[in-house]
Structure formats: structure tokens, C-alpha cells
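Work through the exercises below with the sequence and the model open side by side, and try each task before reading its solution.

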Amino acid sequence: MFVVHLVASFFSKLQEDPTKKVDRFLYAMHLHDDQLSDIAARFQAELKKGLSVESNAAAAVKMLPTHVRSTPDGSEKGQFLALDLGGSRFKVLQVKVREGMGMRRGGVELVEKTYPVPKELHIGRGTELFDHVSESLKDFIHEKNISLEKKQPLAFTFSFPCEQATLNQGLLLNWSKNFRARGLQGKDVVQALRGAINKTGGMDVEVLAMVNDTVATMMTCGFDDQYCEVGLIIGTGTNACYMEELRNVDLVEGDEGRMCVNTEWGAFGDDGALKDYITEFDRDVDAASNNPGKQILEKMVSGMYLGELVRLVVLKMAKLGLLFEGHVSDALRTKGTITTEHVAAMEEYKNGLNNTRNLLVDLDLSPTPDDCVAVQHVSTIVSFRSSNLVAAGLAAILTRIKQNRNLRTLRISVGVDGTVYKMHPQYPKRLQKVVRRLLPECHVRFVLSDSGSSKGAALVSAVAQRLALRRRQVDETLSPFRLSQEQLQLVKTRMRAGLEAGLKSKGPSAIKMLPSFVYRTPDGTEYGQYLALDLGGTNFRVLLVNFKQGLQQNPRLYHKIYTIPLGIMQGSGEELFDHIAECVSDFLDYMGMKNARLPAGFTFSFPCKQTSIDTGTLVSWTKRFKATDCEGHDVVNMLREAIKRRNEFDLDIAAVVNDTVATMMSCAFEDPQCEIGLIAGTGTNVCYMEELKNIEKIGQKTGNKDGAEGTAEGEEDEQDDGRERERKEGHAEIPKMCINTEWGGLGDDGSLDDIITPYDTEVDQNSLNPGKQRFEKLTSGMYLGEVVRQVLLDLTRGSLLFRGHVTEALKTPGIFQTKYLSHIESDRLALLQVRSILQQLGLDSTCDDSIIVKEVCGAVSRRAAQLCGAGMAAVVDKIRENRGLDHLNVTVGVDGTLYKLHPHFSSILQETARILAPQCNVTFLPSEEGGGGKGAALITAVARQKLEM
Ligand code: 0WK
Ligand code: 0WK
Ligand code: BGC
Ligand code: BGC
């Protein structure tokens, strides 16, 4: 038989190769590479249009966000029911991912059953369609004896365009293919499914995720191929999805990581973008379809229409006498008599011609061998155009991915499914060849989805479940850090009680309330040249401060920063002060003032008991300092001793002040309303101007071994001119003194135990001063990084992070410096940069991991800022009540790297203080560089001038 055909065709060639006649007739369907590149370029423009919030509404290609943020990463597991609706077959499945013993590692087990969907349901009421779906589900559950004890998670593949706000919700935008059930457009199909399942009853199912079949196909293939980031369906319908950069998906919050976008490319051309490629046959197919004007590309590409296109071409050629000597049968006139299966059959290598002849005979035609060759060629041209158009669409998507990732070459895999791609013998080859021709620099692998898309849908549900579980577990882990208004109000109350208690007792109190012997803030009359030493924060600064006569003139400042090596911080007191003296000596050299015996102020950022402005007995070290033989000693003497030991220069140390006091003075020099000093840096602390009469412990002389007596009478004069100024400033001349609260100690008496978390306890236990400075350990820069590390450790041990790998890095104390919090939490920082910070710390992370790390950092720093805000509310309300005011205007001078460098700390602190102290209008004035030194110089100036009086 075949030989006869061969001979016949050879002779006819002599006449004319019948395919030539068809090529001429279907010239418009031949798409050359430059036309395909043009279509790819047009499609790329459509992708952009669909992604952008400005043009999405008008875009034909809807670019629907899917809320699938990652392809499988190997940790998915679980047992799921799955529904696969919308393709040529409706299937119910049970999918087991890595469940159960004996399964080779990483296996997925599928049990499935196909249920027919009666045609009338395709066009009936939507509720009936979903009733049929849920009844099929129930039937499947019973047939497969799936226990209904526990709630069964379900994954739903629904192959129609849906607008999704989350993974388990989706508004149907429009039907396509052969579905047009009423009453569902614009409705949430997941809700519709839940409704049907409840109506059917007897099933306890939770719909975890609804995905488009392209997405499910990408996930299915991504299970075995990590490069698979594109899903392609060429079946009844056609469509593609791919992993887009989240920053480009305007319709979804956030710009970190990626999200799979369902392009719905079937609608490409609905806005006329393909008008110059549409042939009369395409117009006929569209006109006769149940959604004219819609899904233009789909009608040129997918299985529902290819057969019809061939029929219309053959019909037209027959009518024009180009086939069957012009004979036309009713069957040929009848819609749908040539299906895509027929097209595929006609193109089979061996039996293609035979199948063509059989088909034409079935259509009551008596084809000649040439007719068969010609009709077969029509099928070839129609399906060739289909694969070419798909190739153009893919080329656009892959080019976009390459550009998104600034890659010169791209290695990627495309997960494919659909009866056209699967059934049509030559379709895959043709498609792959054209893609490789259009994108020579890309290495594209096509992965056939071997088991339908439900595996992928289950994986999405597994990811959804894992993300939901992780979300719940991360929320649980972080909820103790999320302080309620009531809790913050409590902290304010406890801070207030701690301030009051500290003012009263002479004995130990959690909040020490240390008198500073600074009775007033600067009044601008300060003048002269002073040396200032600023120890205790991140750096040690030596400054020369020059105040010129005349009000508010900014002083000249020269300074040099020195580091204090950890070994010195935690060595002997002598070494520490020798190191300080050495730095001062270096500075005086640098300033060429070795011989000047300058009056100096010493900012010493640790709790000191003072009996005068120039004495200070260190109560206890804090932060990183632990030098021996210092606690209980007068630090001014120790400094003097060290200077004497060095015997190179001499200083007249006239004042020692806490950095909070120095900061208050420095800011008060600019803003007279400044009566509070706040440090939020390595440590945390606050000072404020308290009324002398409230400082009971000052009442009687605080004898300490340095026994500096003299100051007493000084106080009176102070009081006199204090009185003078008060009058000037209106609130009756109440003598005041600045109190260094040392609020870092709040909670040392257990008063914060109800908000301290196990992570905080861990940090406290591993600190240099366990049980001490509890409030500081919840709020200051030295500890926040450690609290974060403890939380990350716990989350990793719970395999919620870093795939459960507890690396050495994560176990290393101090590795997560607080500055990383500031970097990680800055809005400008994309996730990629968060990942590179984690990389530097030896923490290999995924996008999701860095989202969680950022959240942990945010929770820990937010709590810190809120606690400081609550503490500040207590201080300003005390001052307001001290003065019997309904409303207080006050300024707080602030310094510290946490307050100054952290992206959100300062605003959250201010907001909290505003809410908790509504009767106070608090202005926060960041101190300028070296404020601690300037403040010390101001105090020294005040102390000096007093002496000259
Ligand atoms: C098989 C998938 C299904 C998808 C179908 C598309 O499991 O989700 O909708 O492929 O191909 P069709 O059956 O429409 O040819
Ligand atoms: C800068 C001040 C200094 C203070 C420091 C606190 O000049 O007195 O100790 O701020 O901030 P930290 O360096 O601890 O972040
Ligand atoms: C639908 C898509 C679907 C595709 C393949 C199209 O008609 O709009 O959502 O992915 O068919 O099934
Ligand atoms: C110290 C305070 C200091 C604060 C800020 C705390 O650890 O106890 O004296 O003001 O840190 O530097």
C-alpha cells in the first residue's frame, strides 16, 4: 500500500508538490524568525504592561500573582488530597510527598482517578459544577479508604485565570476553553469549593492552596530539577508561568525575593497586539467560539482550536477547488469534526498520511493521495505555527528572566504539560528547536511533567503548609517580643516606681538615681578652653573644646577617637587608666599642647556615686568593661594617678560626668528647654533635672572615702543664682540637680520578669554581669544582636530557618552585631543584601530565611525602642508632675549609635513616649558629633566659673 503511495507522489511531484499549493495558500501562517522575534518583543512589552500597577487593568496579558514564592526546596513533605480541574481530564488524587517508610528518599506517591465532567456542567450553574467536583472527591475518599479522622489538606489545581490575594483564595476572572459555568465569574472559587464540600458533607478537608495548572506543572518538574522556574501548558488551552522578581510585581506588597506569575498568555492579542498575524481562519475560529475576542493567542495555539483551524483551512481550500476537486461534505462543514487528536495523528511519521486519508474518508470525502499530502501539510503548518508562537512567547519570558538577573547566559528548565505537547509527535522537537534558535545564549531544558500537575499542587500546598506552620511558629516565637499597650503602660509604671524608689533610699535600688552635682544646664555664658575625655561608648574620644564669649556661639571642637582594646577593657584598672592617659598624651601631642595644664572634664559612661562634681566612685562596670580594682574606687583619682604615673602632662580634672548628663548639657547649649539626656547606644541610660527636694539621699552628706567636703556651701550660691534663673524662666525657683537614673538596672529586682523571655535570660546568663542591667539587656546595642542570635538559634533548631542547620557561626556569641540589625532592617536593603550579610556571617540562607531574619531583627529592635519609649514617658511625666503642670514641653538630648543609626529605633521610641505620656510634648534633639565631650567641657566650664566667682 505504502509503496503505491510513494510511486504516486513521485509522479505528482512532476506535476506540483501539493504542499507548495498549501504553503502558498497558508502563506500568512508561515512565521519566520524575525517575525517570531517581533512577536516575542511585543509579548515582552505585554509582560511589563501586565506587571505594572499603572497599566495592569488595561493589559490583555494579566500577569496574575500566584503567591507561590519559591520552587520546591526539598523540605516539602506531607499527604494531600488534590483536585485537578480545567484541563481535558478532571482528576482527584492523593499525593504523598516523602511520607511513609520504604519510599526511596524524596519520592512522591500518587493515587489518582479521573472523573468525567458532563458537558452540561461546563455550561451549567457553577454550583452544580462544584457539587460534582466535591461528590467526586467524596467518592475518591471512600474508594481509596482515606481516613477522615484528621483534617485532610487539599491542593486545588484550577486551570483558569484567577486573581489571588493569597494562596488559598482566587477570584475567577473569566472562563476559557470549554468551560462557561454561570454564577462564578468574579467569585472566590476556593470559597465555592469549600461551600460544595460542606454541602456534600462527610469530609473534613482544608483547602490549603489553589494553583493554576502552569504553576502546578512548574512545581511538579521543579521537584526533580532545581532549574525549573517556568511552567508551560500546551493542552486544551495554553498558558505559561515563571518566577518573576517580587519587586517587579506591583500588585503584591514587598520587593524582596521572587514570586511565580501566571501570565495567562492565552489572552495575548486580545488588545490587537497580534492583529497583523491573525488570519481569516483565526477570525472564524474566534467568531465561532464561546468567548469571541478573547484568548486570541490560545485560539492560534492550543488543542481546543488547532483541529478547527485545520478544518476551516481544508474547508476553504475545498470550496476553492484546491482540494477534493472542490467537493465539500457536510462533515467537513461541521464544526469540531477535525480535532487536535486528528491533527496529531495526521502528522505521525509513519502513519501520518494513512491517518489523514482515514480522517478524510470519515468526513465523507474521497481524497486523492495529493489531497492527503496537502491536508497533512495543512496540519503541519497549523501546528507548526502553534509551536512557533509558543516559542516566541517563551523567548520573551526567558529573555526577561535573563535581564531580571543581569545574566549574559541563562540556564533554565521549563516544566511542560498538556495533551498537544504530549500527544503531538513532532511538537516538542519543533518547539525546542525554535526556542534554541531564538535564544542561542540560553541553555533551555524542557522537562515533561510525567504525572500531571497535582504533584506540583501538593508541593505548593506542602510549601503553603510549611510556610503557614512556619508563620505560626515564628509568630509564636516572636509574640513575647510584641508588647501590648498595657504591657508598655506597666513598664512605664514600674520605671516611675523605680525612679521614686531610687530617689528615696540610700541603700541599693534597681534604679540607682545617682546625683550628678550638676545643678543647672548651660546658659550660654560658658567660655574658655577645656579638654574633655569621653569614655564608655563604642569609642574613647579626647576632645579640645573652645567656648568663645557671646551667647550660643558654637564652640570650636578638635577631637581624636581612640579604640579601647577588649583586653584593656577587661584587664586591670591601672592598665585601663594608663591607656587613657596614653591617648590623652597622644592627643595633646597632636594638638601641640603638652605643656598646657588644661581644665578637663571626664565623661565616664558608667554608674558612679558622686559626692561632688569632681569625684565619682564607680559602682559597677557595665557593657564590655570589667577592669579590675576599679569598682568602689574614685575614677577621677585613678585618672589622676595614671597621669601622674605617665608624668608627661598634667590636667586639672574639674568634673566627671555620666554620658547622659554630658549629652543633656551639650544639647541644652543649643536648646535651653533640654532637661533630659538619653543614651541609646552600646548601653542605655537617661538623666534628667530633678528637684533637689525630691533627692532625699542628698539631704545628708554622702561621706565617701574621698571625703570631698567643700561643696556644701557652694550649693547655696548655686541655689541663689539657680533661684535667679528659675524666676526668669517662670517655674518658681526650685533648685534642681541632674540625676543620672541608671535606668539600665530596671528589672534587676525581678520587676520585668513577666516580659523577659528565655532568649533574654540566655543573653543575661552569658553576659559579664548576669542578673544586672536587665532593662539595658532588653534595649541596648550591646545585647540586641545577641537576643536576635538566640532567637535565630531556636528557630533553626526548630528547622524553621537555614534548613535546620545550626552552624558554628550561629553558635558564636557576638557574631550577630547590632549594626547588622540596622543594616538588615533598613528599608532600602533588598533581601539579596540581607542574604549577603548572612553569607558573611557564614549563614547560607534562602529568600524565605532572610525574610524571617529581618522579622526577628524588627521584633527585637521594636521591643527595645518601645521599652525606652515607655521609660521616657515615665521620666517626662515625673517632671511634669514635679512641676504640677497639665502640659509639659521638654527637650531630650539624645546620643548613641542605636538611636542615631538604626532605621526605625528613634521613631518607634518617640511614638511610644508620645502615646504613653500624652500630656508631654517631647522634642528629641540628637547630640552632634562628640556631644559627650562638649557636654563634659560645658560642665567643667560651669564648675570652673563658679570657682572664680
Ligand atoms: C495535565 C495537568 C492539568 C492541566 C492539563 C493541561 O495535570 O493540570 O490542566 O495537563 O493539559 P490538557 O489536559 O488541557 O491538554
Ligand atoms: C557618644 C557620646 C558618648 C556616649 C556614646 C554612647 O559622645 O559620650 O557614651 O555616644 O553611644 P555608643 O557609642 O555607646 O553607641
Ligand atoms: C487558562 C489558563 C490555563 C491554560 C492551560 C487557559 O485557557 O486561561 O489558566 O493555564 O488554559 O490549561
Ligand atoms: C551605663 C550608663 C551609661 C549607659 C550609656 C550604661 O551601661 O551604666 O552609665 O550612661 O550605659 O552609655
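**Exercise 1.** Which backbone N or O atom lies 3.3 Å from an oxygen atom of ligand 4?

Solution. The model is a predicted one, in which local features need pLDDT of at least 70, side-chain atom pairs count only at pLDDT 80 or more, and totals for chains, interfaces and linings use all residues. Residues are numbered from 1 along each chain as its sequence is written, ligands are numbered from 1 in the order in which they are written, and side-chain values use heavy atoms, without hydrogens and water. The atom in question belongs to F606, and the pair is a polar contact (N or O atoms within 3.5 Å). Turning to side chains, K623 places a polar atom 2.8 Å from an oxygen atom of ligand 4, while an N or O atom in the side chain of N685 is 3.1 Å from a ligand oxygen atom. Of the 310 Å² of accessible area (Shrake-Rupley method, 1.4 Å probe) that ligand 4 has on its own, the protein covers 99%.

**Exercise 2.** Describe the shell around ligand 4.

Solution. Among the 15 residues around ligand 4, those that come nearest are T622, K623, D659, E742 and E776. By class, the shell holds three nonpolar, eight polar and four charged residues. Helix 22 (659-668) and strand 23 (684-691) each contribute at least two residues to this shell.

**Exercise 3.** Is E135 buried, partly exposed or exposed?

Solution. First locate E135, which lies in helix 5 (residues 126-143). E135 counts as partly exposed because its relative accessibility is 44%, between the limits for buried (under 20%) and exposed (over 50%). Finally, the C-alpha atoms of E135 and I197 are 7.8 Å from each other, although 62 residues apart along the chain.

Terms used. A residue is near a molecule or strand if one of its heavy atoms lies within 4 Å of it. A polar contact is a pair of N or O atoms within 3.5 Å; within protein, one must be able to donate a hydrogen and the other to accept it, and residues adjacent in sequence count only if both atoms are side-chain atoms. Helices (H or I, at least four residues) and strands (E, at least two) are DSSP runs, numbered from the N terminus. Ala, Val, Leu, Ile, Met, Phe, Trp, Tyr, Cys and Pro count as nonpolar, Asp, Glu, Lys and Arg as charged, and the others, Gly among them, as polar. Buried means under 20% relative accessible area, exposed over 50%, partly exposed in between (1.4 Å probe, protein chains only).
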